Amino acid sequence: MLASLVALLLLLAGPARAAPAQDDGVETAGTHTVLVMGDSLSAAYGLSADEGWVALTADRIAERKPGWEVVNASISGETTDGGAARIVGALVRHRPQVVVIALGANDGLRGLPTARTAANLAYMIGAAEGAGARVLLIGMQMPPNLGAAYTQAFAGNYPMLAGRFDTALLPFLLEPIALDRNAYQADNLHPVAAAQPKLRDHVWTELAPLLDL
């Protein structure tokens, strides 16, 4: 039902926009889009927008994958509730070929039920796949003070959903810097600018194969 609804909305929205012609006069195909749906970790919180891992990824894509663009629809403070509420509109607006879903951190920090987080992420993945997009699901982990049962259930959501929907998976966004206190801002939550290239490289391992259509 969800896939049918998304397909109908895409049809009503009309054809995807075409990229401008190159200077050599050769007509080019329409621009391919990577849509990133994330929270403050993807929205470059505390940094200038061009310092975040998403912007750095966009720069790399521009160099290595002509014809692709990146739309960063990440919002600081976003939960999976918010992502689920926004996903269909974002799909219709941007017509992406690849959707990166990097949400859940704020759910965990607020202690929201892990089943609710899983349901929201499943809705987002289903909507993206229903629109014909490839999905990269980026996971998070919670600190142990939330309790072993919660942290295990939270982290387990991501491989469970990736297996169910057959999506690409990056289990833990912050893995390259997780144990480096100097990699974080004063809040001990958000990475500094110097850490962003490591996150870009980490994400790239799973994102790059999705760009070969």
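Modeller: A salt bridge is a side-chain nitrogen of Lys or Arg within 4 Å of a carboxyl oxygen of Asp or Glu. This is a predicted model, in which local features need pLDDT of at least 70 and side-chain atom pairs count only at pLDDT 80 or more, while totals for chains, interfaces and linings use all residues. Residues are numbered from 1 along each chain as its sequence is written, and side-chain values use heavy atoms, with hydrogens and water left out.

Colleague: What makes the contact of Arg60 and Asp201 a salt bridge?

Modeller: The N to O distance between their side chains is 2.9 Å, and the cut-off is 4 Å. The contact therefore meets the definition. Arg60 lies in helix α2 and Asp201 in helix α7 (residues 196–207), so the pair ties together parts that are 141 residues apart in sequence. Helices (H or I, at least four residues) and strands (E, at least two) are DSSP runs, numbered from the N terminus.

Colleague: Which residues are linked with Arg60 in a network of salt bridges?

Modeller: Arg200 and Asp201 are linked with Arg60 in that network. The side chains of Arg200 and Asp201 meet at 3.0 Å, N to O.

Colleague: Why is Arg60 called buried?

Modeller: Buried means under 20% relative accessible area, exposed over 50%, and partly exposed in between (1.4 Å probe, protein chains only). Arg60 has 13%, so the word buried applies. Arg200, with 17%, is buried, whereas Asp201, at 34%, counts as partly exposed.

Colleague: How do you know that Lys65 forms a salt bridge with Asp212?

Modeller: The closest N and O atoms of Lys65 and Asp212 are 2.4 Å apart, which is within 4 Å, so the pair qualifies. Lys65 is in the loop between α2 and β2 (68–72) and Asp212 in the segment after α7, 147 residues apart.

Colleague: What makes strand β3 largely enclosed by the rest of the structure?

Modeller: Five of the five residues of β3 (residues 98–102) are buried, so the strand is largely enclosed. Val98, Val100 and Ala102 lie on one side, and Val99 and Ile101 on the other.

Colleague: How do you know that β3 and strand β4 pair?

Modeller: Two strands pair if DSSP finds at least two bridges between them. β3 and β4 (residues 134–138) have four bridges in the parallel sense, so they pair. Val98 stands opposite Arg134 in β4.
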